Structures are given as structure tokens and as C-alpha cells.
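Subject: Structure handover

Hello,

Here is the structure for you to look over. My notes follow below it.

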Amino acid sequence: MSKAPAVVLLHGFTNSGASWQPVISGLGQRYRAFAPDIRGHASASDQTPVTLDTVLQDLAAIDEPRFTLVGYSQGGRIALHAALTMPERIERLVLISASPGLEDARERSERRAADERLAAEIETQTIEQFATSWALTPVLAGVSPEVADAVHADRLRSTPQGLAAALRGLGTGTLPPLWHRLSEITLPTLIIVGERDQKFAEIGRQMHSRIPGVDRFLVVPGAGHAVHLERPDAIADELELVVPADQPVTEP
């Protein structure tokens, strides 16, 4: 009997692996879901160094020969890098509200400086203070009170020092942009964006036109940036559609 398909879920900045629980519940026991805490977050708050290389090493150490890789926001950026460095391990790539980074060098430098200022500010706050202020970020606006409460509780699993390290090591201004390498991604790819998230919906459309492996592009009605938090049912349904539970598991 073949094993159930493995799905690895990478969370966004300030979240944790626990944020995927509604999606995992929707998938049920037909899938084997892995939602690790990325370095700098929750149970991995004290893991150092926090760099792209070490996070990719952590991902490669997952004891599954092949898996579907799902990444949201910061996790989506990491997933894009993984698709280029370890494509033999990935059955399918799923990008949720993701971006390949900042192509313009000046814009990237300005973002890196802004992220450093924010990281220094985070280190002066309690996790409660930062979680409260981060919830006001415009791209995260518009979620229901229930989702906002769940996300706030999830952020409290991390530490200011860990999140500052994650911002410095994995932030948009730090990671190299991948726009020029998207044509190399031939893995079957699903891009998901929220209808209300116009910025990332446009980025998703641009990625759609550049990644040869894209076979599905989904705009989730009524959802904003945090699609998997606002509409976990839609994410679970899409994963069941593109990764059938009776799909045979292949060896690399």
C-alpha cells in the first residue's frame, strides 16, 4: 500500500507552523502534513543562524523523499528558493501570496535598511507589544475578529529577538530576488492569491506568466493577503484537487 502524499507547509513572517492547523484539519488523515516552525519563530526562536541556507538545510532534513511544498508570504519566498535548489524533492509547488523578491537594487537596499530599523525596534518591545502593532500592517487588514484573535495568539509563540533575527536573515531586502530565474521552475505549480490583496494578486499574475510549470492560478473571492488563515477551506480544497490523496508516492 502506498503512503499518503506528504505536504510541507511553510508559514509567513511572525506566524508559526501552528497557523496551518485549520488547513491540516481540512486535509484530514488522507495526507501527511508537516508544518515546521521556521528559524526565528515559535519553537525555533532560538535557532541560529537564521539564514536562507540554514532554513533550506532544515527543509532538506525533513524525512520525506518527496513532498508537495506550500509556502505563504515569507514561506513562499523560501519555497521558490527551494524549488531551484532541491527540485528533485518537490512533487508540486504551491505559492500563496508570495513574491520572488525585489528586482530593483535600490529598492532592495532601501527595504533592507527599513527592515533593519524595524528589527531594532522589535528588540525593544515585548512580544505582546509587537504582535499588537504588527496586526495593523495594511496588507494584513480586513480579517475577521476571529481570525485576528487566532493570529495574535499565534504570534505570541515567538520572541522579539527571534523575529528580529528572521527579519534580518530572511526579509525581502535580504534574500536575493528570483525574477530572472523563474523560467527555470518547471515543477507543477499552483499560485493562490486573495481577491482583496491587489498588490500580491498582480505579483502572482506576473509569476504566472514567467514560471513554465504553472498549471493553475487561483484568486480566492473575498480573501486578503492571509488566504490560508481567512479561507483554510479553500486552500484544503485546492490541495485535494491538485494533490489527489490516492496519488502514488514516487522516489527521487
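Contact here means heavy atoms within 4.5 Å. Keep in mind that this is a predicted model.

Ser99 sits in the loop between strand 4 (90-96) and helix 4 (105-122). Its relative accessibility is 11%, so Ser99 counts as buried. The Ser99 side chain also reaches the backbone nitrogen of Gly101, at 3.0 Å.

Ser97 lies in the loop between strand 4 and helix 4 too. Ser97 has 0% relative accessibility and therefore counts as buried. Look at its backbone: phi of Ser97 is near 50 degrees, a positive value in a residue other than glycine. Most residues other than glycine have a negative phi, and most peptide bonds are trans.

**The loop between strand 2 and helix 2**

Strand 2 covers 32-34, and Ser45 is in the loop that runs from there to helix 2.

Ala42 has a positive phi, near 45 degrees. Ala42 is buried, with a relative accessible area of 12%. The side chain of Ser45 reaches the backbone oxygen of Ala42 at 2.7 Å. Ser45 counts as buried because its relative accessibility is 9%. Not counting residues up to four places away in sequence, Ser45 touches Gly40, Arg157, Ser158, Thr159 and Gly162.

Further along, check the peptide bond from Thr48 to Pro49. That bond is cis, with omega near -10 degrees.

**Helix 2 against helix 3**

How do the axes of helix 2 and helix 3 cross? Helix 2 spans residues 52-60 and helix 3 spans residues 74-85. Their axes come within 11 Å and cross at roughly 70 degrees. Angles of 65 to 115 degrees count as roughly perpendicular, so helix 2 is roughly perpendicular to helix 3.

From helix 2, the contact uses Leu52, Val55, Leu56 and Leu59. From helix 3, it uses Ile78, His81, Ala82 and Thr85. Six of the contact residues are nonpolar, two are polar and none is charged.

**The nonpolar core**

The largest nonpolar core has 76 residues. Leu69 and Met207 have the most contacts inside it. Helix 3 supplies the largest share of this core, six residues. In soluble globular proteins, nonpolar side chains tend to be buried together.

Leaving aside neighbours within four places in sequence, Leu69 is in contact with Val8, Leu10, Leu59, Ala79, Ala82, Ile90, Arg92, Leu93 and Val94.

**Glu64**

Is Glu64 buried or exposed? Its relative accessibility is 7%, so Glu64 counts as buried. Glu64 lies in the loop between helix 2 and strand 3 (67-72).

The side chain of Glu64 makes a polar contact with the side chain of Arg32, at 2.4 Å. Glu64 and Arg32 are 32 residues apart in sequence and 10.0 Å apart in space, C-alpha to C-alpha. Leaving aside its neighbours within four places in sequence, Glu64 is in contact with Lys3, Ala6, Arg32, Phe34 and Arg89.

Best wishes

Notes. Residues are numbered from 1 along each chain as its sequence is written. This is a predicted model: local features need pLDDT of at least 70, side-chain atom pairs count only at pLDDT 80 or more; totals for chains, interfaces and linings use all residues. Side-chain values use heavy atoms; hydrogens and water are left out. Axes are lines fitted to C-alpha atoms, for helices over the stretch in contact, and angles run from 0 to 180 degrees between N-to-C directions. Helices (H or I, at least four residues) and strands (E, at least two) are DSSP runs, numbered from the N terminus. Angles under 35 degrees count as roughly parallel, over 145 as roughly antiparallel, 65 to 115 as roughly perpendicular and the rest as oblique. Ala, Val, Leu, Ile, Met, Phe, Trp, Tyr, Cys and Pro count as nonpolar, Asp, Glu, Lys and Arg as charged, and the others, Gly among them, as polar. Buried means under 20% relative accessible area, exposed over 50%, partly exposed in between (1.4 Å probe, protein chains only). A polar contact is a pair of N or O atoms within 3.5 Å; within protein, one must be able to donate a hydrogen and the other to accept it, and residues adjacent in sequence count only if both atoms are side-chain atoms. A nonpolar core is a set of buried Ala, Val, Leu, Ile, Met, Phe, Trp, Tyr and Cys residues joined through side-chain atoms within 4.5 Å.
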